[in-house]
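Subject: Structure for you, with notes

Hi,

Here is the structure I promised to pass on. Please open it first; my notes follow below.

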Amino acid sequence: MTPQNLANQIEGLVIAANERYARQITTVQSKLYNDLVTILKFVETDADGNILQNAGNRAILRAGQNQFNKTILESGYQDAVENHLKVIPKIDDLNAAYFESVSSAFLPNRVFIKQLQASAIETVNSFVLQDGLAAQVSLPLNQILNQNINSGGSFSGMLKQIETFIKGNDQVEGRLLRYTRTYISDALFNYSRAYQQAVTADLKLEFYLYAGGLMDKSRPFCIERAGKFYHHKEIESWAGESWAGKNPLTTESSIFILAGGFSCRHSIIPVHESIVPEEVKKRVSALEMTV
């Protein structure tokens, strides 16, 4: 297996999982909106369609706020997240097959892989099932309800706000899908890159291929590097540069995992020196001589 083939297959796995996830979350968002409308239709308004500020409406507000967690629990949202994460063992298999072809010395560290898997899943759970879900989706939705019901806003205007926030429109995806899909996708690509980086020391690999497909929205940082070979010292030096989309946590060591930053689909794959072009080796030798 070539490094480019590895990158393409991993990218294909994650993209396919993303598409399945998007279909499931679209259903979740529709259910959440319908459940809220079922509650909010009892809101009392004046003759102009503005929400009355009374005890009954405030009770409906509380019921609407409580409905979010109930719908999330019953809509299959957690199943969608767990199904998305099932791609992790397939990523492991692809990486193992690649490194077995690179070196006969490669032996997958099963304890390490389990620890890496557990860490990735724990992080995703925190951000898309627990704290992050509340901060990015639940609380902003509650603010929309609060602002309209407690200030006597337009009932039809409130429903339009809620529909756009939950389900999205032609210009923007629903908030739940937009937030969680990007996060999980990044987590899976970062997981794969962490696996790849972890075996480089054991196999004494010093060169890498910046591999993967380019999207219409690929940032200049990735376009410039895609398909090219680099020494690990060159890659470490990139951390000191600035570019659009760069993850602020990027350091000389973490750049091998974070790559081009948010939503980056590329892989920085360790390669055997035998496939590295001579001009790259000469470039690296010249750089080392000037240091």
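In which loop is Ala-259 found? Ala-259 sits in the loop between α12 (255–258) and β3 (267–271). Helices here are DSSP runs of H or I with at least four residues, strands are runs of E with at least two, and both are numbered from the N terminus.

Before the rest, the ground rules. This is a predicted model, with local features needing pLDDT of at least 70 and side-chain atom pairs counting only at pLDDT 80 or more, while totals for chains, interfaces and linings use all residues. Residues are numbered from 1 along each chain as its sequence is written, and side-chain values use heavy atoms, with hydrogens and water left out.

Overall shape

The chain has 13 helices and three strands. Its radius of gyration is 24 Å, well over the 19 Å that the globule rule gives for 291 residues, so the chain is more spread out than a compact globule. That radius is taken over C-alpha atoms, and the globule rule is 2.2 Å times the number of residues to the power 0.38. Along the principal axes, the C-alpha atoms fill a box of roughly 80 × 35 × 25 Å.

Of the 291 residues, 46% count as buried. Buried means under 20% relative accessible area, exposed means over 50%, and partly exposed is in between (1.4 Å probe, protein chains only). The chain exposes about 14800 Å², and carbon and sulfur atoms supply 52% of that area. Accessible areas come from the Shrake-Rupley method with a 1.4 Å probe; for residues, only the protein chains shown count as cover.

Among contacts with a separation of 6 or more, 75% are between residues 24 or more positions apart. A contact means heavy atoms within 4.5 Å.

Positive phi

Most residues other than glycine have a negative phi. Ala-259 has a positive one, near 50°. Ala-259 is buried, at 1% relative accessibility. Lys-204 also has a positive phi, of about 55°, although it is not a glycine. Lys-204 is placed in the loop between α9 (200–203) and β1. At 69% relative accessibility, Lys-204 is exposed.

Which residues does Glu-11 touch, not counting residues up to four places away in sequence? They are Phe-189, Gly-212, Gly-213 and Arg-265. Glu-11 is in helix α1 and is buried, at 9% relative accessibility. Its C-alpha lies 7.9 Å from that of His-266, which is 255 residues away along the chain.

Gly-49 lies in the loop between α1 (3–40) and α2 (55–74). It is partly exposed, with a relative accessible area of 22%. Leaving aside residues up to four places away in sequence, Gly-49 touches Gly-153, Ser-154 and Phe-155. Gly-49 and Gly-157 are 108 residues apart in sequence, yet 9.5 Å apart from C-alpha to C-alpha.

Aromatics

There are nine aromatic pairs. Rings of Phe, Tyr and Trp (its six-membered ring) pair if their centres lie within 6.5 Å; planes under 30 degrees apart count as stacked, over 60 as edge-to-face, and the rest as tilted.

One of the pairs is Phe-99 with Phe-106, which is tilted, at 5.7 Å centre to centre and 35° between the planes. Phe-99 and Phe-106 are both buried. Tyr-210 and Phe-221 form an edge-to-face pair, at 6.4 Å and 75°. Tyr-210 lies in strand β1 (residues 207–211) and Phe-221 in helix α10 (residues 220–225), so this pair ties together parts that are eleven residues apart in sequence. Tyr-210 is buried at 1% relative accessibility, and Phe-221 is buried at 6%.

Arg-225 puts its charged end over the ring of Phe-221, 3.8 Å from the centre. The charged end of Arg-225 also sits over the ring of Trp-238, 4.5 Å from the centre. For this, NZ of Lys or CZ of Arg must be within 6 Å of the ring centre and within 35 degrees of the ring normal.

Cysteines

How many disulfides does the count give? The count is zero. A disulfide is a pair of cysteine sulfur atoms within 2.5 Å. Cys-222 is in no disulfide, and the nearest cysteine sulfur, that of Cys-264, is 3.8 Å away. Cys-222 is buried, with a relative accessible area of 2%. Cys-264 is buried too, at 3%.

Best wishes
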